[in-house]
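Biologist: Hi, could you walk me through the charged pairs in this one? I'm new to it.

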Amino acid sequence: MFSKNFKLGLLGGGQLGRMLLQAAIDLDIHVKALDPDPDAPCAKIAPEFVVGSFLDYDTVYQFGQDCEVITIEIENVNLEALKKLRSEGKKVFPQPEVLEIIQDKRVQKQFYLDNNLPTSDFILTDSVEDISKHLDFLPAFNKLGKGGYDGRGVQKLSSEIDLPLAFTEPSLLEKAIDFDKEIAVIVARNEHGEIKTFPTVECVFHPVYNLVEYLFAPADVNSTIHEEAKQIAIETAEKLGIVGLLAVEMFLTKDGKILINEVAPRTHNSGHHTIRANHTSQFEQHLRAVLGLPLGDTTAHSKAAMVNLLGEDGYTGEAKYVGMNEALAIAGVYPFLYGKKITKPFRKMGHVTVVDENLESLKEKVNIVKEKLKVIA
């Protein structure tokens, strides 16, 4: 398919990269990964692994010299180096201009507004003093423009009493939405303009740490909502012009409206179940998209759920998995561990995909997995 010297550069060596590598093996694609952590999940399985910062210009520029295509598993990377590499003939997907929009939540929200994409009301703020001028806008979520990830950089402000929690750096106030469900659609687009979406999923977030605790696929919504969510995801990908994968997280309000919350220009937590539940996984689809290959069939062959395996509160140290035998004894339960030696409270250590034709049976299995399988030290 590709020449024997073909090399795909991957910025980031975390769990998303690890699962991308597993998909790359099936397509016999040589992947070279870059991460600052010598023990990153990709370190032991990448054909080539380079220890270095994906934020450093020189490191990223040198890293990309022998790669034909460069992609990411984390969006917080050095864009100037990627622009320079592209000017020298390298293909960079998703494109640096897309990453520029998405790296800054302020720019991202303004993009939705400018392109008539549905999103919640927001106010751009530069300081706590700025925020204090908009107390009538509360309750709202205060989100850092840059640097937030996996629930970090997000703080709910319910009233003036919460002002000491507000961010001092450039941020935004996003109106708190009285939503019915949080849903997501992953859409892929290749450089030929071909687009395919995965079925809508329903995400349940951890009440404190603002990251996905578990999800169900497909979402329990009517066909009209499924279609509308799909079309919003497609329109967002087309207006961004992205080549690669885009995860579009949305709110379904109690009066039936769909509003974009945030997007991620890469494989995403809301698509992990696709490895077992769909004909093509999100990881294979990402590779197909950035390499200019035909996009795969995203049809689901069963109902599915995904449970994030988080480090238990109160435990830090060498990871131990309790209840694994009980989980593996259940039909349709598939754990995926990320190769992280050290657990910390609420650190993503793996996930469990559960598949079943029957929704009630699926939910029962999810509850058993959540109850039995724990990560301690």
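**Salt bridges**

Modeller: Asp126 counts as partly exposed, at 45% relative accessibility (buried is under 20% relative accessible area, exposed over 50%, partly exposed in between, with a 1.4 Å probe and protein chains only). This is a predicted model, where local features need pLDDT of at least 70, side-chain atom pairs count only at pLDDT 80 or more, and totals for chains, interfaces and linings use all residues. Residues are numbered from 1 along each chain as its sequence is written, and side-chain values use heavy atoms, leaving out hydrogens and water.

Biologist: OK, which residue forms a salt bridge with Asp126?

Modeller: Arg106, with the closest N and O atoms 3.4 Å apart. A salt bridge here is a side-chain nitrogen of Lys or Arg within 4 Å of a carboxyl oxygen of Asp or Glu.

Biologist: Is Arg106 buried or exposed?

Modeller: Arg106 is buried, at 16% relative accessible area.

Biologist: And how many salt bridges are there?

Modeller: The count comes to 19 salt bridges.

Biologist: What does Glu191 pair with?

Modeller: Its side chain meets that of Lys91 in a salt bridge, 3.1 Å from N to O. That links distant parts of the chain, 100 residues apart. Glu191 is partly exposed at 33%, and Lys91 is partly exposed at 37%.

Biologist: Switching topic, what about Asp178?

Modeller: Asp178 forms a salt bridge with Lys254, closest N and O atoms 3.2 Å apart. Asp178 is exposed at 53%, and Lys254 is exposed at 58%.

Biologist: Which residues are linked in a network?

Modeller: Salt bridges join Lys7, Lys32, Glu48 and Asp66 into a network.

Notes. Helices (H or I, at least four residues) and strands (E, at least two) are DSSP runs, numbered from the N terminus.
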